[in-house]
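Q: Let us go through this protein and check each label against its cut-off. Where do we begin?

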Amino acid sequence: MPPGTTDKETLASLKVKAELRLLPIVLRAVRDVTSGYGLNESAVRDLELATEEACHNVIEHAYEPGEHGYYKVKIHREPTCFRVTIRDQGIPFNLQRLKEEKNSDIGVKLMRACTDEIKSKYLGKKGKVVELVKNFPFESVNELESPPNTLISPKEDLAPKSEMVDLRLMRPDETVSLARLIYRVYGYTYPHEEIYYPEKFASLIKSGLVTSCVAVNEQNEIVGHLGVFLETPDDHVGESALAAVDPCYRGRGLFPKMKKMMMKEVASKGILGLYSRAVTVHMASQKSNVEMGAKETGFVLAHSPPTAIFKKMKTEDVGIRRTVALFYVLVAPDQEQTVFLPYKHQYVLRKIYKHTGLKRVLKMANPDNVNLAFHSDIHSHILPEMASAFLRVNKYGTDFMDELKLHVQDLKRERSN
C-alpha cells in the first residue's frame, strides 16, 4: 500500500455539472488517481470505461432538458479494491436493472464486464448512488507458473459455419459494442485509445472523419470491424485501420470482404486511395493487403509499442517495439500527376512509384527556380500512446527550417511533460 493511505480513504471528490463536455474531467481524475495509487493499466481502463457509462447515464437521463443538475463522484481506495461512487439528485429510475442479467442493456453489461461489483441504492431526499468496485489484481498460482511475457488463452470454439454474418456500415450508437470487440481481440492494448471512449468515437463517425464497416452475427453483435480514418474533412487519402475479427469468427475471409466494401464506399465519397500500417510480427494482415492489390511503400521502424498484444495470436519479442509495413491501394482511377523529386531521395522514390504503378511524371526539383510562399504550414499529429509524432507539411515556405525547429522543440517539451 502506498505511503499516506489508510485502510479506507477517499482520494478524490468532484462535484460536476451534468454536461457531456465535462465528462472527460471526471474520467481523467479516475485514470490519474487509480493509476497513481497502485491499479494496473488494464484495471484502470476497466474502471474508467465503467465510470464513463455510469456518468453518461446520469448526464443523459437524470435531469430534464434545461434543468441545471449536478452529480458527485468520489474515488475511494480500500485494502483490496478501488470504489468509485456516482451520486445524483435527479429523476428516480429503476436501479434494479443494474442487477438484472437478462434484461440489462449493453451499457449495463459493459459496466458489469468492466467491474468486479456494482452496487446501487436510493438515498431518499439525497437522491441515488451507484458504486463501481474494481479489485486489485492478484496473480493465481497458474499465472505465476506461466512463462513470462507469454499470453496464454484457452482454446475457443469457432462459431458454426452455418451462422450468417452480414456486412454493413456502422452506426454511431454501436461504439460500445465495437469497444467490446476490440477488447476481445486486443484487450486494452490497442494504440489508438479513442476506441475505448465510445462517445468520442461516435463523434468521429458523425463528423465524417471515420467511416466504419462492421460484420454482425445473427444476434446483431459486432464480430468484425474495419475503419477508414481521415485527418481532415478535405483529405483525399484515408487510413485503413482498426481491423479486428472476433477470434470465434476467424477463417471466414471477413477482412478482405470488409476491405472491398470500404473501398467502394469511400470511393463514392471522393477518396482516391487508402494507406495502412501492418505489424510485421505476423503476416496475416500483410498478406490480406497484398491480396487486395495494395503495394508496399516502406516501413516505420519501432512504431508499434510493445504493449500492443493480439489476443489468441502468438507473437514473439513481446518486450520490444515493433516495425510496421506501409501499404497503399487505389480505390478510384488514378490520374496522372507531376512529381518533383528531391535529389537525395530520387532513387528510392522512383522505385516506390514504379512499384505502386501510380501514373506520375517524374521531374527533378530545382530549388533555385521555385517561388516559395513566405510562411510554411506544418501540422503535427501526436500519438502519445505510441510515443510517436507525425509532421504533415501542407505548404513549404521560405521559413520551413525555422518552423520545423519550433515543432521539434514543442515535441521535446511535450515528451518531458
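A: With the overall inventory. The secondary structure comes to ten helices and 16 strands. Helices (H or I, at least four residues) and strands (E, at least two) are DSSP runs, numbered from the N terminus. This is a predicted model: local features need pLDDT of at least 70, side-chain atom pairs count only at pLDDT 80 or more, and totals for chains, interfaces and linings use all residues. Residues are numbered from 1 along each chain as its sequence is written, and side-chain values use heavy atoms, with hydrogens and water left out.

Q: What makes T356 buried?
A: Buried means under 20% relative accessible area, exposed over 50%, and partly exposed in between (1.4 Å probe, protein chains only). T356 has a relative accessible area of 13%, so T356 is buried. T356 is found in helix α9 (residues 346-356). Contact means heavy atoms within 4.5 Å. Leaving aside neighbours within four places in sequence, T356 is in contact with K295 and T297.

Q: What share of the 417 residues is buried?
A: Buried residues make up 41% of them. The accessible surface of the protein comes to about 24,100 Å², and 53% of that belongs to carbon and sulfur atoms. Such areas come from the Shrake-Rupley method with a 1.4 Å probe; for residues, only the protein chains shown count as cover.

Q: Why does R87 count as partly exposed?
A: R87 has 31% relative accessibility, so it counts as partly exposed. R87 is found in strand β3. Leaving aside neighbours within four places in sequence, the contacts of R87 are Y71, K72, L123, K126, K128 and V129. The C-alpha atoms of R87 and V73 are separated by 6.6 Å, though the two are 14 residues apart along the chain.

Q: How do you know that β1 pairs with β2?
A: Two strands pair if DSSP finds at least two bridges between them. Eight bridges join β1 to β2 (residues 70-77), and the two run antiparallel. S13 stands opposite K74 in β2.

Q: What is the strand order of the open sheet, and why do β1 and β4 stand at its edges?
A: Five strands form the open sheet, in the order β1-β2-β3-β5-β4, with antiparallel pairing. β1 (9-17) and β4 (117-122) each have a single partner strand, so one side of each is left without a neighbour in the sheet. Neighbouring strands of this sheet are turned by 15° against each other on average, direction ignored.

Q: Why are α5 and α6 called roughly perpendicular?
A: Axes are lines fitted to C-alpha atoms, for helices over the stretch in contact, and angles run from 0 to 180 degrees between N-to-C directions. Angles under 35 degrees count as roughly parallel, over 145 as roughly antiparallel, 65 to 115 as roughly perpendicular and the rest as oblique. α5 (residues 175-186) and α6 (residues 198-207) pack at about 115°, with their axes 9 Å apart. The two are therefore roughly perpendicular to each other. The contact is made by T175, V176 and L178 of α5 and P198, E199, F201, A202 and I205 of α6.
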